[in-house]
Amino acid sequence: MKKTLLIILVFTGFVPILNIRAQHLEGRILDHQSKRPLAFVNIVYKSGGQGTVSNIDGEFSISTVDEIEFLKFSYVGYHTKYIGVEDIRPGKTIQVRLERKAYDIEEVNILPGINPAHRIIRLASENRNLNNPEKMSSFSYTSY
């Protein structure tokens, strides 16, 4: 009994020491022009690819024992934004604004032609008696 009590005291004494090293960072990601929150933005904070994703309101939270090396924010249709370790202040809420990216898309010409789906539908209709499972001797089912 005394050994288990001693073990519990020793481990509970070390828990606050381990929690001191943990880093916590919170923030919000917004569109630069409209100031609207961006949902599900990819956020990477280690060179090994560790990261998280913002929630539906553009908010994110990073809690890690490892040191945050940088912040990389990427989102479809927006420029990727990097924040260096010198600009990161753990414990403070940061606000990140992403700028939209314009895409140059070439002209697409759509010409009339035969739809390949029509051929498949026509063949299925022509062979409906051949592929009918109720007319096959190997097919059976029980209905309740």
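## A pair in helix 2

Let's start with Glu126, which is exposed, with a relative accessible area of 54%. Keep in mind that this is a predicted model. Glu126 forms a salt bridge with Arg122, and their closest N and O atoms are 3.5 Å apart. Both residues sit in helix 2, four residues apart, which is about one turn of the helix. Arg122 comes out as partly exposed, at 44% relative accessible area.

Side chains of opposite charge can pair when their charged atoms come close. The structure holds three salt bridges, so let's look at the others too.

## Reaching along the chain

Arg100 forms a salt bridge with Asp31, with 2.9 Å between the closest N and O atoms. This pair links distant parts of the chain: Arg100 is in the loop between strand 7 (93-98) and helix 2 (116-126), while Asp31 is in strand 1, 69 residues apart. Asp31 is buried, at a relative accessible area of 1%, whereas Arg100 is partly exposed, at 47%.

Then there's Glus partner story at Lys46: Glu69 forms a salt bridge with Lys46, the closest N and O atoms being 3.3 Å apart. Glu69 lies in the loop between strand 4 and strand 5 (70-74) and Lys46 in the loop between strand 2 and strand 3, so the pair ties together parts that are 23 residues apart in sequence. Lys46 has 15% relative accessibility and counts as buried; Glu69, at 33%, counts as partly exposed. Setting aside neighbours within four places in sequence, Lys46 is in contact with Asp66, Glu67, Glu69 and Phe70.

Four strands form an open sheet, in the order 3-2-5-6, with antiparallel pairing. At its edges are strand 3 (51-53) and strand 6 (81-84), each pairing on one side only. From one strand to the next, the twist averages 15°. Inside this sheet, three bridges join strand 2 (residues 42-44) to strand 3, and Ile43 stands opposite Thr52 in strand 3.

Strand 1 (residues 23-31) and strand 4 also run antiparallel, joined by six bridges. Here Glu26 stands opposite Ser61 in strand 4. Strand 4 (residues 59-64) has two faces: Phe60, Ile62 and Thr64 make the covered one, and Glu59, Ser61 and Ser63 the uncovered one.

Which residues make the nonpolar surface patch of about 310 Å²? They are Phe40, Val53 and Ile56. Phe40 lies in the loop between strand 1 and strand 2, and with a relative accessible area of 51%, Phe40 is exposed.

Key: Residues numbered from 1 in each chain as written. Predicted model: local features only at pLDDT ≥ 70, side-chain atom pairs only at ≥ 80, totals over all residues. Heavy atoms only, no water. Buried < 20%, exposed > 50% of the residue type's maximum accessible area, 1.4 Å probe, protein only. Pairing = 2+ DSSP bridges. Axes fitted to C-alpha atoms, helices over the stretch in contact; angles between N-to-C directions. Patch = residues over 30% accessible without salt bridge, like charges linked within 9 Å, V, L, I, M, F, W, Y side chains within 5 Å. Areas by Shrake-Rupley, 256 points an atom, 1.4 Å probe, with all protein chains shown as cover. Salt bridge = Lys/Arg side-chain N within 4 Å of Asp/Glu carboxyl O. Contact = heavy atoms within 4.5 Å.
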